[in-house]
Amino acid sequence: MNKIIEINNLTKQYKGVKAIDSLSFEVNEGEILGLLRTKWKW
């Protein structure tokens, strides 16, 4: 299958706090991806 999304080693910080640390994944053609999160208030 063909990759339509590829993420490697993504890191995101908010006000010095790591929200995401070294996230890697791929989504192939025909797959469904869902992302969930909590409602954080900084």
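This report covers the fold, the strand pairing and selected residues of a predicted model.

**Overall layout**

The protein chain has 42 residues, and 5% of them count as buried. Its secondary structure consists of two strands and zero helices. Along the principal axes, the C-alpha trace spans about 40 × 20 × 10 Å. The accessible surface of the chain comes to about 4200 Å². Carbon and sulfur atoms account for 54% of that surface. Contacts between residues at least 6 apart in sequence were also sorted by separation: 28% of them join residues at least 24 apart.

**The hairpin**

Strand E1 runs over residues 3–14. Strand E2 runs over residues 17–28. The two strands pair in the antiparallel sense, over eight bridges. Two residues lie between the strands in this hairpin. Lys-3 of the protein chain stands opposite Asn-28 in E2. Leu-10 stands opposite Leu-23 in E2.

In a regular strand, side chains alternate between the two faces of the sheet.

**Residues with positive phi**

Most residues other than glycine have a negative phi. Asn-9 has a positive phi of about 55°, although it is not a glycine. Asn-9 lies in strand E1. Lys-15 is another residue other than glycine with a positive value, its phi being near 50°. Lys-15 sits in the loop between E1 and E2.

How exposed is Asn-9? Its relative accessible area is 56%, so Asn-9 is exposed. Lys-15 has 73% relative accessibility and therefore counts as exposed. The cut-off for exposed is over 50%.

| Residue | Relative accessibility | Class |
|---|---|---|
| Glu-6 | 44% | partly exposed |
| Asn-9 | 56% | exposed |
| Lys-15 | 73% | exposed |
| Asn-28 | 16% | buried |

Glu-6 is placed in strand E1. Why does Glu-6 count as partly exposed? Its relative accessibility is 44%, and the class covers values between the 20% and 50% limits.

Beyond residues up to four places away in sequence, Glu-6 touches Phe-25 and Glu-26. The C-alpha atoms of Glu-6 and Phe-25 are 6.0 Å apart in space. In sequence, 19 residues separate Glu-6 and Phe-25. Glu-6 also has a side-chain partner in Asn-8: a polar contact of 3.4 Å joins the two side chains.

**Asn-28 at the end of E2**

Asn-28 belongs to strand E2, residues 17–28. Is Asn-28 buried or exposed? Asn-28 counts as buried because its relative accessibility is 16%, and the limit for buried is under 20%.

Which residues does Asn-28 contact, leaving aside its neighbours within four places in sequence? They are Met-1, Asn-2, Lys-3 and Ile-4. One of these, Lys-3, is the residue that stands opposite Asn-28.

**Rings and charges**

A pair of aromatic rings is described by the distance of the centres and the angle of the planes. A search of the whole structure finds zero such aromatic pairs. A ring does take part in a charge contact. The charged end of Lys-12 sits over the ring of Tyr-14. The distance to the ring centre is 5.2 Å.

Technical notes: Residues are numbered from 1 along each chain as its sequence is written. This is a predicted model: local features need pLDDT of at least 70, side-chain atom pairs count only at pLDDT 80 or more; totals for chains, interfaces and linings use all residues. Side-chain values use heavy atoms; hydrogens and water are left out. Rings of Phe, Tyr and Trp (its six-membered ring) pair if their centres lie within 6.5 Å; planes under 30 degrees apart count as stacked, over 60 as edge-to-face and the rest as tilted. A charge sits over a ring if NZ of Lys or CZ of Arg is within 6 Å of the ring centre and within 35 degrees of the ring normal. Helices (H or I, at least four residues) and strands (E, at least two) are DSSP runs, numbered from the N terminus. Buried means under 20% relative accessible area, exposed over 50%, partly exposed in between (1.4 Å probe, protein chains only). Contact means heavy atoms within 4.5 Å. A polar contact is a pair of N or O atoms within 3.5 Å; within protein, one must be able to donate a hydrogen and the other to accept it, and residues adjacent in sequence count only if both atoms are side-chain atoms. Accessible areas come from the Shrake-Rupley method with a 1.4 Å probe; for residues, only the protein chains shown count as cover. Two strands pair if DSSP finds at least two bridges between them.
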